[in-house]
Amino acid sequence: MPASITSYLRPEARLAPESGIVAVMNHGRGKEGLIPLWAGEGDLPTPDFITRAAMEALAAGETFYTWQRGIPELREALARYHRRHFGRDFAAEEFIVTGSGMQSIQLAIDAIAGAGDEIVYLSPAWPNLAAAAGVAGARPVPVHLDWSDNGWTCDIDKVAAAITPRTRALFVNTPSNPTGWTADIETLKALLSLAREKGIWIVADEIYSLFYYGGRRAPSFMDVMEPDDRILFVNSFSKNWAMTGWRVGWVKVHPDLQAVFENLIQYSTSGVAQFMQRGAVAALDQGDAFIASQVERAHQARDIVCRILGETGRARFSVPAGAFYLYFSIDGVTDVRQAAFDIVDQANVGLAPGTAFEEDGAGFFRICFHRRLDQVEESANRLATWIRNR
């Protein structure tokens, strides 16, 4: 029998894992009355002040090749946004516009790791980082956060033990998808000190820094770093401004890395459409009130879902400090992948199994509660009924 045509592909591409979230989505997609809490996005379309700016630019003919590192107006807007929210000066030369947060991560990996290298990351984690590292030929090395009734914590000694001579980077997502774990200043200082000691990079994914329920924003590596620290910040317009379908993001880098990252853009997408970047400028300059309203709604939604599931007496979780997910387990449920399909069929609620975020799933599920409050309450009640009936 002739070999399958797929056998001629690179093993790293051929063996890239299927998304455990997409499998459940495909099972429940189109089911009447289902409330979808599986994907990491809200339910609102992009606000008019953003889409209007993009449409005006499109109508004006801004459809040609443009600055590969991003139009100057957007990079200046990124500097202004960071000055407002992080309380220090930033220059436009620190920012590169990308075709999504995912591309930002891919560019960071391309810049610092390749075949035979290792990237240490904190688990449970959004699966795309590990998969992208694997496709690049690098080895993703998970370090599991500790979980107790007091919440999720990062054991610095465990992180240190995972670092080897092959380690090129430490990937830190805080606030975290899926757990909501949020590093405090002391943890960030300890991780940065460790990276300096070991001579490795930090890739900081702080996409949810404004979705933080303990203050104005979450602690950031920007609060503790020095200008020459080896930190790449990857980010996206998707979450803050309801722009998941736009596929626009950015990387914050040391100014000396501008040319390198511009080359990486050249050899991948060759830049982001100019009219889309005009929408992104509007998001940054006009969107703070929209973000604040979304964070407040997510805060209320978090409290609703935690209260209703907590009242079952069988759901185990830590109240998330940031992001807009609840990562929880259900007493007596071990096969979370099959249970996720059952919940779609029997409760008409879509959620993600923990197996999508860590190797064994540890009996967990993830809910995205960034939706209309009536839908959050209805879905939580449906899920609570399913739990009680088991």
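**Figure 1. Pairing of Pro 353 with strand S15 in the predicted model.** Pro 353 has Phe 365 as its bridge partner in S15. The view belongs to a predicted model. A further pair places Ala 352 opposite Arg 366 of S15. Strand S14 and strand S15, the latter formed by residues 364-368, are joined by two bridges in the antiparallel sense.

**Figure 2. Pairing of strand S12 with strand S15.** Strand S12, residues 325-330, runs antiparallel to S15, and five bridges connect the two. Within this pairing, Phe 328 lies opposite Phe 365 of S15. Phe 365 is also the bridge partner of Pro 353.

**Figure 3. The open sheet that contains S15.** Four strands make up this open sheet in the order S11-S12-S15-S14, and their pairing is antiparallel. The edge positions are taken by strand S11 (315-317) and strand S14 (352-353); each has a single partner strand, so one side of each lacks a neighbour in the sheet.

**Figure 4. Side chains of strand S15 and their burial.** Five of the five residues of S15 are buried, and the strand is accordingly described as mostly covered. Phe 364, Arg 366 and Cys 368 point one way from the strand, whereas Phe 365 and Ile 367 point the other way.

**Figure 5. The cis peptide bond at Pro 124.** Ser 123 and Pro 124 are joined by a cis peptide bond with an omega of about 5°. Pro 124 is located in the loop that links strand S3 (118-123) to helix H6 (127-135).

**Figure 6. The cis peptide bond at Pro 175.** Between Thr 174 and Pro 175 the peptide bond is cis, and its omega is near -10°. The loop holding Pro 175 lies between strand S7 (167-173) and helix H8 (185-198).

**Figure 7. Positive phi at Ser 270.** Ser 270 is not a glycine, yet its phi is positive, near 60°. The residue sits in the loop between helix H9 (258-266) and helix H10 (274-286). Its relative accessibility of 30% falls between the limits of 20% and 50%, so Ser 270 counts as partly exposed.

**Figure 8. Positive phi at Asn 348.** Asn 348, likewise a residue other than glycine, has a positive phi of about 60°. Asn 348 belongs to the loop between helix H12 (336-347) and strand S13 (349-350). With a relative accessible area of 14%, under the 20% limit, Asn 348 is buried.

**Figure 9. The whole chain as context for the close-up views.** The protein chain contains 13 helices and 15 strands. Its radius of gyration is 21 Å, close to the 21 Å given by the globule rule for 390 residues, so the chain is as compact as a globular protein of that length. The C-alpha trace spans about 60 × 60 × 50 Å along its principal axes. Buried residues account for 55% of the 390. Of the contacts between residues at least 6 apart in sequence, 75% connect residues at least 24 apart. The accessible surface amounts to about 16,700 Å², and carbon and sulfur atoms contribute 51% of this area. The chain carries 37 positive and 46 negative side chains, with the centres of the two sets 2 Å apart.

Conventions. Residues numbered from 1 in each chain as written. Predicted model: local features only at pLDDT ≥ 70, side-chain atom pairs only at ≥ 80, totals over all residues. Heavy atoms only, no water. Rg over C-alpha atoms; globule rule 2.2 N^0.38 Å. Buried < 20%, exposed > 50% of the residue type's maximum accessible area, 1.4 Å probe, protein only. Contact = heavy atoms within 4.5 Å. Areas by Shrake-Rupley, 256 points an atom, 1.4 Å probe, with all protein chains shown as cover. Lys, Arg positive; Asp, Glu negative; His and termini not counted. Charge placed at Lys NZ, Arg CZ, Asp CG, Glu CD. Pairing = 2+ DSSP bridges.
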